[in-house]
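Subject: Handover of a structure, with findings

Dear colleague,

Please find below the structure that I am handing over to you. My findings follow it.

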Amino acid sequence: MSVDVLLIEDEPSIAEAVRFILTRDGWGCEQWPEGTGALERIRALAPRMLILDLMLPGRSGAEILADLRADPALAALPVLLLSARGTANLPPGADRVLPKPFANADLRAVVRELLEQA
Amino acid sequence: MTPESLVAASVAYVALMFLLAHAADRAAAAGRWRWMDRPVIYTLSLSVYCSAWTFYGAVGYASRSGLEFLTIYLGPGIVFSGAWWGLRRLVRVARMHRVTSIADLISSRFGKSAGLAALVTLIGVMAATPYIALQLQSVSMALSAFATPEHALPRNVSVWVALGLAAFAILFGTRNLAVDERHHGVVIAIAVEAVVKLAAFVAVGVFVIWGIADGPADVLARIDRMSVSAGGEGWPINPERWFTLILLSGAAVMVLPRMFHVLVVEASDEDRLRQAGWAFPAYLALMSFLVLPIAVVGADILPKGANPDLYVLDLPLSQGREALATLVFLGGFSSAMSMVVVSAIALSTMMANHWLVPLWLRLRQAALAGPARAPEDLGTLMLNARRLAILAIIGAGWLYHRMSGGTSALAAMGTVAFSGMAQVLPALVAGLLWRGATRRGAIAGVVGGTLIWTLLVFLPSLGLLAQPAMPAGIDPFAGAVLLALAVNLLLLVLISLMDFPEPAERLQSLSFVHAVAPDAAPGDGAPAVQPEALLTLAGRLWGNDHALETFRRAAESQGKGGYLPDLTPRFLADFERLLAGTVGAATAAALMTRVGGRGGVTVSDLMEVAGEASRAREDNRRLENTSAELARTAAMLRESNEKLTALSAQKDAFLGQISHELRTPMTSIRAFSEFLMEPDLPTEERARFAGIIHDEAGRMTRLLDDLLDLSVLEAGKARLKPGVFNLHDLIERALASAGAAASGRDFAIRRNIAAEHLPVITDQDRLLQVLINVITNARKYCSAEAPQIRIDCRRSPDGGTEIDIADNGPGISAGNQALIFEKFARLNDPARAGGAGLGLAICKEIMEFLGGSIAYLPGQGGACFRISLPPRPARRAENDENAAR
């Protein structure tokens, strides 16, 4: 089964909610719970898009995003950034940003849009 | 006793006085003057009033004029006992202005008039000349009483007496330029001489009453007989003569240069007059009491034609009492010596200060274009001027003695001197009591009075003019003196009323009449010969701090403490240079000219200069102050801004953390509650999602609780509820709580129960909070196969309590050990169990609140925390301090 979405999120309950939403919509979804090793996981799974939490143990979402955009192979990967710190001072490079807490419908719409682009 | 041996005795006596004065001077120089500085010394030194005239002449006076001799004692007695407050005032004002002589005082009062000072000095010299002649004559006469055909008097004996006295005066009067013009050695010598002359006179009196006559009753009978024989109706009392003589002698005790010197200049303070007020009249009473007995007995038993002025000496000699006669001679010699020496010192100071130095300054001013002299020139010049003046004064006295033929009665010469010096009295009294008295008025009065005195009293006494013709019934002497004084007073009052005083006079009159220090006078700072005045002026020009420092250093370089250096030529030269730097050379020179006692620039000019310079300096300093203040304010603002920026960054970070910690559970709650709203959600999912929502809501509540707790602790608003508890019970409760909160794994708990039974004084809820937090953390993060928690308790050496809680997990890496007590210190630990990262921060705040601490102990195998409690909770103050931070 191909991986449509890779979710990098350290909060177990949030990860469960996102997976629940995406799985019900028929998307294949994998989760990675920390910043460390996230990049390797992306390369290994080659998802169609990425949902990236900003605050992660190990490496932050901003660092991962910067590495991603610097890698020619991954530079075009659509990224949805989840931010628990509002929408100010966000790192550049994300295709979409959703501030936490988000509406389930918004998440579904953004994911569909990004996956259709991809 | 031959005249030669008497001369030898005199020389020995003078040598003794030398030694005494020298020892006193040395003691004073070594700072041991204090014990000699007693009221009794002061009182005895006043006896310089009793010169040889009093010693020998009073008996002669009584023999010739009966009781009139008493006026010479009554005047000073009345002044001292009746007007001691006036004398106190005089001494206070004089010391306040640091006057060096009567001339200095008069000129100081009247606008520091150099002319007036010179004039008063002239009167002093003129009046002293017959007086000194009188002393020389009395000593010569006394010596001649011892002469016999076999032992003739040495020729020119009076020359040698004069030279010896001059030598003594020069040696002790002009050793150095003391700023206060006090001569401790001379004062001690005078005091001793006062005792010698009193002892000698009393000895003669006692000898006469009991040794020659048959006791007091016999003496009284002789007095009665003599008074009857003298005029039939007792001794005549001429009222105008009595009034005049009492007035003159009362004035003399204040205005005679030597009396002013011992009374005012040598007085260390005005309190000296408290004792002198009764003791000096008592001394005079003792001296006067025996005059009449000696006079009547002398007239009775000595051959007709014997000089009554020598009865004191002739009586013991006629009875073959050579030892007593020698004592009497020494008493008379003492009287003459102290009078001549003190007069010479006082007059030489006046002559040098008011004649010679102003003259020199005038010449120097003329030769200003020439090369500058060394600053020390003035000091040497002053001393040499004084030495010359002493020789001149005593020489003039000797000349008067020779010119008057040595025949005048002693008393007549004394009254000439008194009446001359009394011309200063109106100016002195008016100067102290009447602010309206002006310089021109004083000069007019003194000049007018002195002219009349010269014409009617002084020149006739020398035989150069005929005695003035007075209206019938009026005593020529009394009439002349009263006329001179009346004209003097009249001119003073009239001219003063028509005159308007200069600024310097007004300042001085205020200071003199109200006896206030010149510094206190508003607008003072007039140039003056007092260091205080220079300091005040310097203060206006340079600012008080700078002026004080300059003067203090100058005083220090002179070996003095305080802020008032002696006005040495060097200091004045330096001072002028410094002034020139402030007000320009011309003004500084003018100012120093003024200090030198000469006019040229008015005080108001100088005040204006000082005022302008001081205003400019004040403005400049204000600007400097303002700019310095601005710079300080700017620095403070910068600092505050940096602090605020740092605080703001901290606040942003903190708010970001809180936002994250709140949004995370809210995200879950929102997402799962939206699922719950879906109607077709399976029941088991519904229950699980509701459970997640419940847990996340609990997590938010805990976070908010922690935040509130932390803010209360950090603000120092937490209330301490101390009590005494058994530590074992607290640990039991903490273990139960933590076990319930984090159940699931079995932990081995290793404790030493016996050691836990320690009483602790603390807030049990707060300590429990810490224990539960640490144990819960251990349970959460210990990932060992066989997890265990070890708890050790012990008393610390300071009487406090230590609790170590350790697990056998991986522990905390060295890099993170410093961070764990920070707020939201999220360790890179994926296994953390939902804490917001505030737990240990709160523990740290609580332990500080309890007066203890919590620390991570590295190297214990696993994570180990040491909780330290003090013997009793810390005081509230520390929390207040935290609150202030």
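How many residues does helix H3 of chain B have, and how far does H3(B) reach from its first C-alpha to its last? The model is a predicted one, and in it H3(B) covers residues 52-65, which makes 14 residues. The reach is 18 Å, close to the 20 Å expected at 1.5 Å a residue.

Helix H3 of chain B

H3(B) contains a kink of about 40°, and this kink is centred on Ala58(B). The helix is mostly covered, with twelve of its 14 residues buried. Among the buried residues are Trp53(B), Phe55(B), Tyr56(B) and Tyr61(B), as well as Ala58(B), where the kink is centred. Gly66(B) follows H3(B) and has a positive phi, near 65°.

H3(B) also packs against helix H7 of chain B (residues 114-146): the two axes come within 9 Å and cross at roughly 65°. This crossing is left-handed. From H3(B), the contact is made by Ala52(B), Trp53(B) and Tyr56(B); from H7(B), by Leu134(B), Gln135(B), Ser138(B) and Val139(B). By class, these residues divide into five nonpolar, two polar and no charged. Ala52(B), Trp53(B) and Tyr56(B) are also buried.

An α-helix has 3.6 residues a turn, so residues three or four places apart point the same way.

Is H31(B) largely enclosed or largely open? It is largely enclosed by the rest of the structure, because 14 of its 18 residues are buried. Its length also agrees with expectation: at 1.5 Å a residue, 18 residues should span 26 Å, and the end C-alpha atoms of H31(B) are 26 Å apart.

H31(B), residues 764-781, and H33(B), residues 839-849, have axes that come within 9 Å and cross at roughly 150°. The crossing of H31(B) and H33(B) is left-handed. On the H31(B) side, the residues that meet H33(B) are Arg766(B), Gln769(B), Val770(B), Asn773(B), Val774(B) and Asn777(B). Their partners in H33(B) are Gly839(B), Cys843(B), Ile846(B), Met847(B) and Phe849(B). By class, this contact has six nonpolar, four polar and one charged residues.

Val219(B) belongs to helix H10 of chain B, which spans residues 216-231. Is Val219(B) buried or exposed? Val219(B) is buried, because 23 other C-beta atoms lie within 10 Å, and 20 or more are needed for that class. Not counting residues up to four places away in sequence, Val219(B) touches Ile209(B), Ala213(B), Pro293(B), Val296(B) and Val297(B). Val219(B) and Val208(B) are eleven residues apart in sequence, and their C-alpha atoms are 8.9 Å apart in space.

Asn726(B) lies in strand E1 of chain B, residues 723-726. Why does Asn726(B) count as partly exposed? The reason is that Asn726(B) has 14 C-beta neighbours inside 10 Å, which falls between the limit of 12 or fewer for exposed residues and that of 20 or more for buried ones. Leaving aside neighbours within four places in sequence, Asn726(B) is in contact with His757(B) and Pro759(B). Asn726(B) is also 38 residues from Gln764(B) in sequence, with a C-alpha to C-alpha distance of 9.7 Å.

The two chains and their interface

Chain B has 34 helices and seven strands. Of its 885 residues, 45% are buried. Among contacts in chain B between residues at least 6 apart in sequence, 79% join residues at least 24 apart.

Chain A has 118 residues, of which 41% count as buried. Chain A contains four helices and five strands, arranged along the sequence as β-α-β-α-β-α-β-β-α. For chain A, residues 24 or more positions apart account for 57% of the contacts with a separation of 6 or more.

At the interface, 18 residues of chain A are in contact with 18 residues of chain B. Helix H1 of chain A (residues 12-24) gives the most to the side of chain A that touches chain B, with four residues. That side of chain A has nine nonpolar, four polar and five charged residues.

Yours sincerely

Methods
Residues are numbered from 1 along each chain as its sequence is written. Chains are lettered from A and ligands numbered from 1 in the order in which they are written. This is a predicted model: local features need pLDDT of at least 70, side-chain atom pairs count only at pLDDT 80 or more; totals for chains, interfaces and linings use all residues. Helices (H or I, at least four residues) and strands (E, at least two) are DSSP runs, numbered from the N terminus. Two residues are in contact if their C-beta atoms, placed from the backbone, lie within 7 Å. Axes are lines fitted to C-alpha atoms, for helices over the stretch in contact, and angles run from 0 to 180 degrees between N-to-C directions. A crossing is left-handed if the near helix is turned anticlockwise from the far one by less than a right angle, and right-handed if clockwise. Ala, Val, Leu, Ile, Met, Phe, Trp, Tyr, Cys and Pro count as nonpolar, Asp, Glu, Lys and Arg as charged, and the others, Gly among them, as polar. The expected span of a helix is 1.5 Å times one less than its number of residues. The bend at a residue is the angle between axes fitted to the seven residues ending there and the seven starting there.
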